[in-house]
Amino acid sequence: MRTKRVRRRPIAEINVVPYIDVMLVLLVIFMVTAPLITQGVNVELPKAEAEVISGETTDPVVITVDQFGDFYLDLGEERNLPVDAVTLQGRLGTVLRHNPKLPILVKGDAAVDYGKVVQAMVLAQGAGAPSVGLITVPPERPEP
């Protein structure tokens, strides 16, 4: 007695399930670590009562003035490197030509000379910023 052998056609597909698994694991890793990675210059912000700016949908460009009076600009890949006034104004001018409504904020250290913060604001206005805001932190309230 002879049995008839059934021939299967070869499968010509790529199994993507392992790739999807790896992608989901990487996605979870990035979602968990992204909030932990914050870059920027540490400054002690002045404390002041101020209302929160609302209605801005785009991320602002932040000019940081550290305690030594150095300027930092959160644009490009050199965010943690100080920039001089000419470079700061040039980069801001370039960005503002492409997006003239981009909000500009200055984050000045509480210990820095007030003149350096004003200089940062003047540089931003010279680059074409229609208005420049200041970043502060709310004062600490005493415990009741």
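Predicted model: local features only at pLDDT ≥ 70, side-chain atom pairs only at ≥ 80, totals over all residues.

Colleague: Fine. What makes β1 and β3 a pair?

Modeller: A pair needs at least two bridges, and β1 and β3 share 5, in the parallel sense. Valine 62, for instance, stands opposite leucine 105 in β3, and valine 65 has glycine 108 of β3 as its bridge partner.

Colleague: And how do you know that β3 pairs with β4?

Modeller: Again by the bridge count: the cut-off is at least two, and 3 bridges join β3 to β4, residues 132-134, with the two strands running parallel. There, valine 106 stands opposite leucine 134.

Colleague: Which way does β2 run against β1?

Modeller: Antiparallel, over 3 bridges. Isoleucine 63 has leucine 73 in β2 as its bridge partner. The two strands form a hairpin with 5 residues between them, and in the turn glycine 69 has a positive phi of about 90°.

Colleague: Why is β1 called largely enclosed?

Modeller: Because 5 of its 5 residues are buried. Val61, Ile63 and Val65 point one way and Val62 and Thr64 the other way, yet all are buried.

Colleague: Let's move to the helices. Why is leucine 88 called buried?

Modeller: Buried means under 20% relative accessible area. Leucine 88 has 0%, so the label applies. This leucine lies in helix α2 and touches Ile63, Phe71, Leu73, Val83 and Leu123, leaving aside residues up to four places away in sequence. As for tyrosine 72, leucine 88 is 16 residues from it in sequence and 8.0 Å from it in space, C-alpha to C-alpha.

Colleague: Which residues have the most contacts inside the largest nonpolar core?

Modeller: Ile63, Leu88, Leu92 and Ile104, in a core of 21 residues. β1, β2, α2 (85-98), β3 and α3 (114-126) each supply at least two residues of this core, and the largest share, 4 residues, comes from α3. Leucine 92 touches Val61, Ile63, Leu73, Ile104, Ala124 and Ala127, again not counting residues up to four places away. In soluble globular proteins, nonpolar side chains tend to be buried together.

Colleague: Now the opposite case. What makes isoleucine 14 exposed?

Modeller: The cut-off for exposed is over 50%. Isoleucine 14 has a relative accessible area of 69%, so it counts as exposed. This residue lies in the segment before α1 (17-33).

Colleague: Which residues form the nonpolar patch on the surface?

Modeller: Ile14, Val16, Tyr19, Ile20, Met23, Leu24, Leu27 and Met31, with about 860 Å² of accessible area together. To join such a patch, a residue needs over 30% relative accessible area, and isoleucine 14 has 69%.

Colleague: And for the whole chain, how many helices and strands are there?

Modeller: The chain has 3 helices and 4 strands, in the order α-β-β-α-β-α-β. Buried residues make up 24% of its 144 residues. The chain exposes about 11600 Å², with carbon and sulfur atoms supplying 58% of that. Of the contacts with a separation of 6 or more, 67% are between residues 24 or more positions apart.

Key: Residues numbered from 1 in each chain as written. Heavy atoms only, no water. Patch = residues over 30% accessible without salt bridge, like charges linked within 9 Å, V, L, I, M, F, W, Y side chains within 5 Å. Areas by Shrake-Rupley, 256 points an atom, 1.4 Å probe, with all protein chains shown as cover. Salt bridge = Lys/Arg side-chain N within 4 Å of Asp/Glu carboxyl O. Buried < 20%, exposed > 50% of the residue type's maximum accessible area, 1.4 Å probe, protein only. Core = buried A, V, L, I, M, F, W, Y, C linked by side-chain atoms within 4.5 Å. Contact = heavy atoms within 4.5 Å.
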